[in-house]
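Student: I would like to go through this structure term by term. For each label, please tell me which cut-off stands behind it.

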Amino acid sequence: MATRKILITGGAGFIGSHVVRRMVNRYSDYHIYNLDNLTYAGNLENLRDVELKPNYSFIKEDIVDGEKMQSLFQKHNFDGVIHLAAESHVDRSISNPMDFIMTNIVGTVSLLNAAKANWKNFDGKLFYHVSTDEVYGSLGEEGFFTEETKYDPHSPYSASKASSDHLVRAYHDTYGLPIKISNCSNNYGANHFPEKLIPLAIHNIKNSKPIPVYGMGENVRDWLYVEDHASAIDLIFHKGKVGDTYNIGGFNEWKNIDLIHLLCKIMDQKLRRAEGTSAKLITYVKDRAGHDLRYAIDATKLNKELGWKPSLQFEEGLEKTVDWYLSNEEWLNHVTSGNYKNYYTEQYEKR
Ligand code: NAD
Ligand code: TYD
């Protein structure tokens, strides 16, 4: 059987590295091309265990470079794309929206154009776009985001992702490009860059530094273990309906402050500190501008149609995550040296 060539973009990032690892290890008849331009969030240390596998290649390129994308598609004739490359952090999008417009919107269109121009026949081809539940906006105390919820993004990040989702659908409706989209809730797990709440809090607790909680800590997020997201992507890529959208989430809502208290308890145990030590680090800081109150995903369609469900309970996943960070000190030291310090000062010093 001929090898299937799959292009995964953003494979050196948090979620992308888990998707790459899963696809390389499970599908020896696929060749996985990981395309990533290694921004601050991209890290080849995330992929040490797969980099020598014969069915894996790394390509360092910027998805915004349309000509380059065209020539790569011409050269490799990819059969499928799993598109994860993006600028992904809301706070950075508030400080610097243009990077988000370029990568998330222009970069997505440059990939769509390369697929459209080079896939002479769309048979057996697939462009799978990985997106977020933040495109749906913010919920009040009740209700869930379903696949029918109208888009209502608020941050530059979510607006750029919403825009890319619309463009992917437009290429399907206008040119017949075979596409699938999934919108997932907040992920957590190994290799998460410590600008996001959970790894940032783990890093700060480890170093006995303040844990910055925005506003009153009342905002609610719906958390999913990253490997469960990767398993859903694998399933949708192979079994989902072309042209369809799938919401991914584990019905696992947590108020930020409750989550932080749980994390503090786990960290006290793991670091053998007296109960209550880490919680003393909680520091309420100025709220994020335009902070969405609540996200909650209804993943019924994915469960009913494709039989997917998450494998881990939150407490178990959080403990595994803490264990990973505590036993990967070198990784954490590398990503928090250099520019991270400037970022941290800019975001938190005057907050
Ligand atoms: P991340 O920031 O950890 O990784 C993004 C990766 O994309 C990095 O490796 C980076 O180097 C690469 N990249 C950025 N700009 C690029 C460019 N111009 N060209 C090539 N590569 C580029 O992000 P993540 O958290 O792993 O998110 C991956 C995808 O999943 C994103 O599309 C994001 O919107 C989506 N998503 C994330 C979450 C979450 O909780 N993190 C939830 C739902 C959906
Ligand atoms: P984050 O991990 O940035 O993900 P997102 O904004 O995409 O949901 O933030 C998760 C929640 O935690 C969000 O409500 C903002 C809040 N938060 C803090 O309270 N303090 C922090 O230092 C960070 C980074 C986030």
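Tutor: A helix here is a DSSP run of H or I with at least four residues, a strand is a run of E with at least two, and both are numbered from the N terminus. Just after one such helix, α6, S208 takes a positive phi of about 50°. The model is predicted, so local features need pLDDT of at least 70 and side-chain atom pairs 80 or more, while totals for chains, interfaces and linings use all residues. Residues are numbered from 1 along each chain as its sequence is written, chains are lettered from A and ligands numbered from 1 in the order written, and side-chain values use heavy atoms, without hydrogens and water.

Student: What makes α6 largely enclosed by the rest of the structure?

Tutor: A residue is buried under 20% relative accessible area, exposed over 50% and partly exposed in between, with a 1.4 Å probe and protein chains only. In α6, 9 of the 10 residues are buried, so the helix is largely enclosed. I198, L200, H203 and K206 are among the buried ones.

Student: Why is T132 called buried?

Tutor: The relative accessible area of T132 is 6%, so T132 is buried. T132 belongs to strand β5, residues 126–132.

Student: Which residues does T132 touch, leaving out those up to four places away in sequence?

Tutor: They are Y157, K161, S182, N183 and C184; contact means heavy atoms within 4.5 Å.

Student: What makes the pair formed by T132 and E134 a polar contact?

Tutor: A polar contact is a pair of N or O atoms within 3.5 Å; within protein, one must be able to donate a hydrogen and the other to accept it, and residues adjacent in sequence count only if both atoms are side-chain atoms. The T132 side chain reaches the backbone nitrogen of E134 at 2.9 Å.

Student: Which residues come nearest to ligand 2?

Tutor: A residue is near a molecule if one of its heavy atoms lies within 4 Å of it. There are 18 residues around ligand 2, and E134, R221, R288, H291 and Y348 come nearest.

Student: How do you know that Y348 makes a polar contact with ligand 2?

Tutor: A polar side-chain atom of Y348 lies 2.7 Å from an oxygen atom of ligand 2, which means the pair is within the polar-contact limit. The side chain of N256 has an N or O atom 2.9 Å from a ligand 2 oxygen, and L197 places a backbone N or O atom 2.8 Å from one. The protein covers 98% of the 500 Å² of accessible area that ligand 2 has on its own, by the Shrake-Rupley method. β8 gives the largest share of this shell, 3 residues.

Student: How many residues surround ligand 1, and which are closest?

Tutor: There are 28, the closest being I15, D36, S88, Y157 and K161. A polar backbone atom of T39 is 3.0 Å from an oxygen atom of ligand 1, and one of I63 is 3.0 Å from a nitrogen atom of that ligand. Of the 840 Å² of accessible area that ligand 1 has on its own, the protein covers 97%. The largest share of the shell around ligand 1, 3 residues, comes from β5.

Student: What makes a group of residues a nonpolar core?

Tutor: The members are buried Ala, Val, Leu, Ile, Met, Phe, Trp, Tyr and Cys residues joined through side-chain atoms within 4.5 Å. The largest such core has 37 residues, and I198, I211, I260, L263, F314 and L318 have the most contacts inside it. α8 gives the most to this core, with 8 residues. Leaving aside neighbours within four places in sequence, I260 is in contact with L197, A201, I211, V213 and I282. A second, separate core of 33 residues includes I6, I15, Y56 and F237.

Conventions: Accessible areas come from the Shrake-Rupley method with a 1.4 Å probe; for residues, only the protein chains shown count as cover.
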